[in-house]
Amino acid sequence: MSLNAQPAASLFINGRPVEGEGDALSVRYPYTGEEIALLHEASLDQVAQACQAAADAQPAWAAMSPVERGRVLTRAAAIIRERNDELSRLETLDTGKPIQETLVADWESGAQALEFFGGLSASITGQMIPLGQDWAYTRREPLGVCAGIGAWNYPSQIACWKAAPALVMGNAMVFKPSEETPLGALKLAEILIEAGLPAGVFNVVQGRGQVGAALTTDANVDKVSLTGSVPTGRRVYAAAAEGMRHVTMELGGKSPLIVFDDANLENAVSAAILANFYSSGQICSNGTRVFLQEGIREAFLNRLAERVRNVRAGDPLDPETQHGPIVNAAQADKIRAAIEAGEQAGARLVCGGPGEGAFVPPTVFADATDDMLIARDEIFGPVMTTLEFYDEDEVVRRANGTGFGLAAGVFTQDLTRAHRVISRLEAGTCWINAYNLTPVEMPFGGVKLSGLGRENSAAAIEHYSQLKSVYVGMGDVEAPY
Ligand SMILES: NC(=O)C1=CN([C@@H]2O[C@H](COP(=O)(O)OP(=O)(O)OC[C@H]3O[C@@H](n4cnc5c(N)ncnc54)[C@H](O)[C@@H]3O)[C@@H](O)[C@H]2O)C=CC1
Ligand SMILES: NCCCC(=O)O
């Protein structure tokens with residue numbers, strides 16, 4: 001079967017495909033290393049052209065009624081669902097993630113964002129503030145042009161999570177996908193046009209960091225929304241600050257998953273698997289520090305190892321495959337270095353290990369301590385570090401002992417304790433007796449170094465709009481002289 005995934009052109013500017021004038025960008029299928037498309041980065045002139053096209057198109061889009069804007073988004077969601085099989089295959093080729101995942105978690109999640117914000121559109125209103133005879137009101141207005149910059153783990157979901165709230169508020173967007181996974185965003189641009197989006201409202205440029213940097217500081221850009229690592233987040237936030245641009249920062253994490261003695265063992269093990277090995281561990285919110293209370297620890301590790309041994313790794317296009325390759329060789333090497341560091345530091349390898357080629361198997365460490373690299377650094381691969389604990393105060397202190405604050409989970413049958421512990425954890429997105437579920441209805445995002453702002457839910461609207469206050473005088477104006 002041909003793996004050719006060459007798009008019509010590398011960029012999408014002002015409603016049409018445009019070839020990039022910058023360096024070549026080879027897109028490879030992570031499973032075989034085969035080139036599936038050859039793209040070209042945007043030149044800096046083309047970045048500016050895309051931002052200008054967005055700035056030109058934005059006022060007319062913002063002037064349309066909210067119900068009309070919402071309709072475009074809901075149509076786009078329907079088109080995505082009609083083409084889910086074909087789009088999911090492309091997502092698997094781009095990322096290497098198993099087709100059984102991409103069929104349900106990637107474009108489908110993107111469609112839900114378009115559907116949610118499309119439906120919300122007509123009910124977004126301001127406030128009326130009575131002031132006696134006079135009164136005031138507020139208007140929620142678009143920011144203008146939003147730049148979206150994506151990571152490679154959920155390329156199409158990230159594009160939709162950023163585009164949907166931005167567009168529904170009457171903004172235009174220029175999106176730069178990760179250079180590792182550039183294909184899905186181009187499909188989203190085509191689908192939005194087909195759904196009735198005016199040309200120029202959603203544009204795609206391709207490229208590495210310097211293209212993202214040019215986008216961040218373009219004079220037409222009013223907001224930058226980044227999904228990426230903390231070091232990139234620091235750079236983008238600082239660059240955006242120079243022009244007082246708004247930001248949303250969806251960054252990395254090293255999140256705690258706390259399992260108390262009274263937890264349902266099978267559910268806690270299932271959640272730990274979802275929290276560490278889905279998408280071969282390449283998920284920002286992963287609960288990679290699994291704190292096990294002493295009474296459940298042994299049983300948990302035994303059951304986990306038993307279940308992990310049954311994982312089916314292999315060809316991501318095979319519907320039976322549960323565990324796919326890592327996105328590229330450099331990332332696989334980084335993960336292997338972390339595994340080696342864990343072993344050298346004296347942690348016990350319960351299962352898994354470095355693997356071979358593109359594959360790193362689900363790997364579990366026990367007997368780790370908080371100061372080990374595997375317990376401190378984001379590995380962004382299928383590596384779970386388990387840590388023993390004895391009581392609640394101790395585990396809360398240790399769970400919070402990190403600069404990150406993206407997510408956290410608690411497993412216990414004592415719901416009073418569950419809510420008490422969650423209220424003390426420094427994390428933006430939390431789960432009780434569940435993990436890594438990110439429904440569009442629930443705000444998603446981090447605190448501390450893990451980021452600023454929220455995606456999904458009505459909360460995202462605040463991050464893609466600004467408030468105008470209008471005072472209305474109803475009587476004569478009195479002046480002192
Ligand atoms: N909180 C969240 O929602 C999520 C966070 N992530 C985080 O993303 C990271 C993995 O993704 P990567 O693609 O490796 O991240 P990365 O930080 O290397 O790159 C992210 C994006 O930023 C761009 N970029 C790099 N330098 C730039 C600059 N100076 N200015 C503007 N753009 C620049 C890249 O080209 C890419 O599109 C992990 O840390 C992960 O936790 C991933 C998914 C979700
Ligand atoms: N559905 C997972 C969202 C977080 C991430 O993109 O890593």
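**Reading the ligand sites**

Author: Let us begin with a polar contact, a pair of N or O atoms within 3.5 Å: here an oxygen atom of ligand 1 is 2.6 Å from an N or O atom in the side chain of threonine 232. On its own ligand 1 exposes 850 Å², of which the protein buries 87%, with accessible areas taken from the Shrake-Rupley method with a 1.4 Å probe.

Author: Before going on, please keep in mind that this is a predicted model, in which local features need pLDDT of at least 70 and side-chain atom pairs count only at pLDDT 80 or more, while totals for chains, interfaces and linings use all residues. Residues are numbered from 1 along each chain as written, chains are lettered from A and ligands numbered from 1 in the order written, and side-chain values use heavy atoms, leaving out hydrogens and water.

Reader: Which residues come nearest to ligand 1?

Author: A residue counts as near if one of its heavy atoms lies within 4 Å, and of the 29 residues around ligand 1, Gly150, Glu179, Ser229, Thr232 and Glu378 come nearest. By class, this shell has 12 nonpolar, 11 polar and 6 charged residues, where Asp, Glu, Lys and Arg count as charged and Gly is among the polar ones.

Reader: Why does ligand 1 lie between domain 1 and domain 2?

Author: Domain bounds come from an automatic or database assignment, and ligand 1 lies between domain 1 (11-252 + 450-468) and domain 2 (256-432) because both give residues to its shell.

Reader: Which residues are around ligand 2?

Author: They are Asn153, Tyr154, Gln157, Trp161, Ile283, Cys284, Thr438 and Phe444, and by class this shell has 5 nonpolar, 3 polar and no charged residues. A backbone N or O atom of cysteine 284 lies 3.1 Å from an oxygen atom of ligand 2, whereas a nitrogen atom of the ligand is 3.3 Å from an N or O atom in the side chain of glutamine 157. Of the 250 Å² of accessible area that ligand 2 has on its own, the protein covers 92%.

Notes:
Polar contact = N/O pair within 3.5 Å; in protein donor to acceptor, adjacent residues only side chain to side chain.
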